[in-house]
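Please look over the sequence and the three-dimensional structure shown below before reading the notes. The briefing that follows is grouped by topic.

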Amino acid sequence: MARLTPANEERARQLIALYPHHRSALIPILHILQGQDGYLSEDGMKHVGELLGLSAAEVRGTATFYDMFHVEPVGKYVVAVCTNIACMLQGAYELLEAAQDQLGIAPGGTTADGMFTLEDAECLALCGNAPCATVNWRFFGDLDPQRFAQLTEDLRAGRLDAEVPPHGTLSRVDRNVGLGAPGQSVHGAGGPPPPVDVAAAAGGPHDAGIELATSLTMTAVIAHEGGRGLDHTGTRTDAPGGTDSQDQR
Ligand code: FES
């Protein structure tokens, strides 16, 4: 896959129409591209630049600034093992060494079958369940070599498919407020984008701002938490580190 698919290009155009300055849509569109291919290909970034009127260097410069974007192909599962202080004190380096032995790769490497990319990460904000790791930004805490082996075995067998999407999918909850219906062009036949009726989309003029803010907040929370174990207020409803929580989709 290279350029955005027609459906993703349309979604990108809808996002662009939301911002006074087109370039403000760059990061959300890069997430769409990464969700499509698992990483940001050169052709894909070129296409994004065309949509936004940005140079390839400007798109690439933004993409390479952020850890969550990959500009080279990665495995289906990106496993990031935290080796920061809290995890280090709880055996993170022993865990990382075991991960390297079990997967047969060093940090930065990808297994030959394309299943796993291993990363040595800084604090993942799950210090209370150290040592921990994320798999495609979904948290797994209280790990040890045996639990790590079980985790990768479960991933290989597809037993965690409901919880861990393929790499590149930031959140399974798409932002819809302010966007048109799927397939609805916001540019028409090359004309200006129509006004975005946020109030109507949110159910009424008084609720519009609240609804929009709630939607965006939830997207951010779900993205950060990997969509696992949160109720509608963002409060945890499960113990992190398990593999039995419900995905908020
Ligand atoms: S030190 Fe590992 S999650 Fe914070």
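Two residues are said to be in contact if their C-beta atoms, placed from the backbone, lie within 7 Å. On that basis, residues 24 or more positions apart account for 62% of the contacts in the protein chain with a separation of 6 or more. The model is a predicted one, in which local features need pLDDT of at least 70 and side-chain atom pairs count only at pLDDT 80 or more, while totals for chains, interfaces and linings use all residues. Residue numbers start from 1 along each chain as its sequence is written.

**Confidence and overall fold**

- The mean pLDDT of the protein chain is 79, and 69% of its residues reach 70 or more; pLDDT is the predictor's confidence in each residue, from 0 to 100.
- Over residues 185-249 the pLDDT is below 50, and this stretch has 89 contacts in the model beyond near neighbours in sequence.
- The protein chain has nine helices and four strands, where helices (H or I, at least four residues) and strands (E, at least two) are DSSP runs numbered from the N terminus.
- Along the sequence these elements follow the pattern α-α-α-α-β-α-α-β-β-β-α-α-α.
- Buried residues make up 31% of the 249 residues in the protein chain; a residue is buried if 20 or more other C-beta atoms lie within 10 Å of its own, exposed if 12 or fewer, and partly exposed in between, with C-beta atoms placed from the backbone.

**The largest nonpolar core**

- A nonpolar core is here a set of buried Ala, Val, Leu, Ile, Met, Phe, Trp, Tyr and Cys residues joined through C-beta atoms within 7 Å.
- Of the 47 residues in the largest such core, Ile-29, Val-79, Val-81, Cys-82, Ala-99, Cys-132 and Ala-133 touch the most other members.
- Strand β1 (residues 77-82) gives the most to this core, with six residues.
- This core draws at least three residues from each of domain 1 (6-63) and domain 2 (77-157), the domain bounds coming from an automatic or database domain assignment.
- Leaving aside its neighbours within four places in sequence, Cys-82 is in contact with Cys-87, Ala-92, Ala-121, Cys-123, Leu-124, Pro-131, Cys-132 and Ala-133.

- Leu-30 is found in helix α2 (residues 26-37) and counts as buried because it has 22 C-beta neighbours inside 10 Å.
- Beyond its neighbours within four places in sequence, Leu-30 is in contact with Leu-40, Val-48, Ala-63 and Phe-69; the C-alpha atoms of Leu-30 and Ala-63, 33 residues apart along the chain, are separated by 7.6 Å.
- In helix α3 (residues 42-52), the buried residues are Gly-44, Met-45, His-47, Val-48 and Leu-52.
- Seen down the axis of α3, these buried residues fall within an arc of 155°, so they line one face of the helix; the arc is that of the directions from the helix axis to the C-beta atoms.
- The buried residues of α3 pack against α1 (6-16), α2 and α4 (56-63), and α3 is followed by Gly-53, whose phi is positive, near 70°.

**Helix α6**

- Helix α6 (residues 92-103) has twelve residues and reaches 16 Å from its first C-alpha to its last, close to the 16 Å expected at 1.5 Å a residue, the expected span being 1.5 Å times one less than the number of residues.
- Ala-92, Leu-95, Leu-96, Ala-99 and Leu-103 are buried in α6, and they cover an arc of only 100° around the axis, which puts them on the same side of α6.
- The buried residues of α6 pack against β1, α5 (85-89), β2 (116-121) and α7 (145-157).
- Gly-104, whose phi is positive, near 75°, follows α6.

**Loops and backbone geometry**

- A cis peptide bond, with omega about -5°, joins Ala-130 and Pro-131, and Pro-131 has its place in the loop between β2 and β3 (133-135).
- Ala-125, which is in the loop between β2 and β3, has a positive phi of about 70° although it is not a glycine; Ala-125 is partly exposed, with 13 other C-beta atoms within 10 Å.
- Asp-142, found in the loop between β4 (138-140) and α7, has a positive phi of about 55° although it is not a glycine, and Asp-142 is partly exposed, with 16 other C-beta atoms within 10 Å.
- Asn-84 is found in the loop between β1 and α5 and is in contact with Glu-122 and Cys-123, leaving aside its neighbours within four places in sequence; the C-alpha atoms of Asn-84 and Cys-123, 39 residues apart along the chain, are separated by 5.3 Å.
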